[in-house]
Amino acid sequence: MIFLKLVKQTSYQDCGVACIAMMINHFYKYEIDLQQVKNYLSIHDDELSFYDVIDLASNFYLKGDAFKVEQDFLELKNKVPFLAQVINSDGLLHFVIVESILQNNLIVFDPSKEKKIKQNISEFLKCFNSNVIIFKSNIKSFNKDFKFNFKKFLNIFNFDFILYLLINLVSTLLFILDTQFLKMFSNSLSEQTQDFLIYLFPLIILLFNMLFKNISINILNKNYKKRKHFLLKKFLNLIESTNSEDLFYLYQEIKWVCQYENYSLKSSISSFISEVVSLFFIYFIIKELFLIILIADVIYILINTFINNFVKKDSFNQDKEWFTFLSNIEHVKNICAEYDMLTELLKLEEKDKLASSTLNWIELWDKVGLILIYIVSWSLLKNGNLEFSLFFIILLFKNFSRINIFNLGQTLIWIKKYKISIIKFEKIFIEKNEVNFNEEISNILISNKQQKLELNKGLNIINFKIDLGNVNKTKNDIEVDVYINNKNISILKTSDLRKQIYYSKNFQIKFGTIFQNITSSNINSINIFNIKEINELLNKYSIKITKLVKPETNSQIEKEIIKLLNVFYINKKVILIKNDFQILTFDEIKSILTIFTELSDDKFLILS
């Protein structure tokens, strides 16, 4: 039987990446996400070609064999699952996975759909362009590179965590000691005079337990902040080199890993140790109940893990689906798909409710285990093999055990996702060997296959096609090389470089007056509004600098004027301006920028 799980694309160009994720899931039973697959992209185009998919899959030890189907399509029946290239309803090339070929139908996993679809072969062939890729896996090599090993698990065992385990172990021993108060109190009832100092015993233990609990919580909180800070530093380094929309999901995953690692995994290891110590104590005081409690604990964990895995397997993507829906709400409304998408999202909410309702089954088994303890204890009490005080001690341990076992069960549900996340972080948070750049920029050289352009201080107009993002490393075209101070910027530390570079692409208006937007609240000694050419430009387009503008209500000419005049108030060595002006003429732009270079002759002003 073929195991395949649908992976949905997050944008129209992600179909190839989603199909590779599905094949990785199928061959290696490894639930990889799109962000981790995209990390291996060696191209910078938005869309993957047929052979780009093969190159990308090879990073995951999937060898792709591409060919054109020229004869009977049914001959592929024994080669499923395979990747097929089709033409979608928009007339664009699209990748899907054919999971199985039946007599007259296909089971197709389309990353643009909500679920797998059953399609008639003749209908499929109408959109099929005859290109397929058959993949062969290398499980041994993949496991060596991508599987979570025990050494990675040992990384959480630092001094703070060992201290946390010791403190919780002492707390468990204090709890065991506290149960002896019942025995002491029971024996004292038969005496004529009671020593009231006996009541100090549980009070002292209670105070110690409260102290140890606070110390434990502080240790976990400290380690959570430390771990999160460590991962966010790596995350910020990644942000320097990518503009992926999936970064928000990665940030969520970092938070989840830190919370799971500190408040679930570490807590569960402590709970496991506490449970072993408790069972060991029970074994010595009453062997007859030890086996019942042990078996009940194991069954409790199995039920908890099975039920929650069954109902929660898709619910973790709920936040991601809501974010995608709300961030594209205007487009969704335009195609009248809001009600369909909302229905799907509400289904995820229902699964979340179902997950909560399954706790009733777990609690039911907990009650069954308690009833078994009552039955056996009652029999032992009747035969005089169990003291009544010990019976209450067993009940206390059962309640204590319930908390430990619940923690273990909840942790096991997400352990697989945690392991995959840790491997993912290792693959994408790679330290770059970049050189610190603390010099003032003095020369810039841009080159491609056709020509070289040396830029000087002052106004530089680039007439050939180039993305200025290559200068501040927000873009990385393979065919473009940029040298600053005679050094290739690919080896320079990105954050150091950007301290001296401003790029006006995607310029945004803020709430305030036109004057405030132009000056960026950075009023200096230059009063550009006294300059004749600037006043003439403002008057020509009837721009009142005292006018209040909002991000959503400004006109195109207001945005262009603000963007152009804002360069006078940018305190950077290099200013990059994308010439995407629609109303202002080139001569008007050049005239204003020439004035800027006369006032600031030590800066590089680059217009492309």
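Q: What should I know about the numbers before I start?

A: The model is predicted, so local features need pLDDT of at least 70 and side-chain atom pairs count only at pLDDT 80 or more, while totals for chains, interfaces and linings use all residues. Residues are numbered from 1 along each chain as its sequence is written, and side-chain values use heavy atoms, with hydrogens and water left out.

Q: Where do I look for the nonpolar cores, and which residues have the most contacts inside the largest one?

A: In soluble globular proteins, nonpolar side chains tend to be buried together. A nonpolar core here is a set of buried Ala, Val, Leu, Ile, Met, Phe, Trp, Tyr and Cys residues joined through side-chain atoms within 4.5 Å. Buried means under 20% relative accessible area, exposed over 50%, and partly exposed in between (1.4 Å probe, protein chains only). The largest core has 36 residues, and I24, Y30, V37, L83 and F135 have the most contacts inside it.

Q: Which helix gives the largest share of this core?

A: Helix 1, with 11 residues. Helices (H or I, at least four residues) and strands (E, at least two) are DSSP runs, numbered from the N terminus.

Q: Which residues does L83 touch?

A: Contact means heavy atoms within 4.5 Å. Leaving aside neighbours within four places in sequence, L83 is in contact with residues including C19, F50, F95 and F135. There's also a second, separate core of 34 residues, with I534, L537, V549 and L607 among them.

Q: How do I read the packing of helix 18 and helix 20?

A: Two packed helices are described by the angle between their axes and the distance between the axes. Axes are lines fitted to C-alpha atoms, for helices over the stretch in contact, and angles run from 0 to 180 degrees between N-to-C directions. Helix 18 (residues 532-540) and helix 20 (residues 586-599) pack at about 145 degrees, with axes 10 Å apart. On the helix 18 side, E533, I534, L537 and K540 meet E588, S591, I592 and I595 in helix 20.

Q: Why is helix 19 called largely enclosed?

A: Because 8 of the 10 residues of helix 19 (residues 556-565) are buried.

Q: Is S264 buried or exposed?

A: Buried, at a relative accessible area of 17%. S264 sits in helix 9 (residues 247-285) and touches Q259 and T411, not counting residues up to four places away in sequence.
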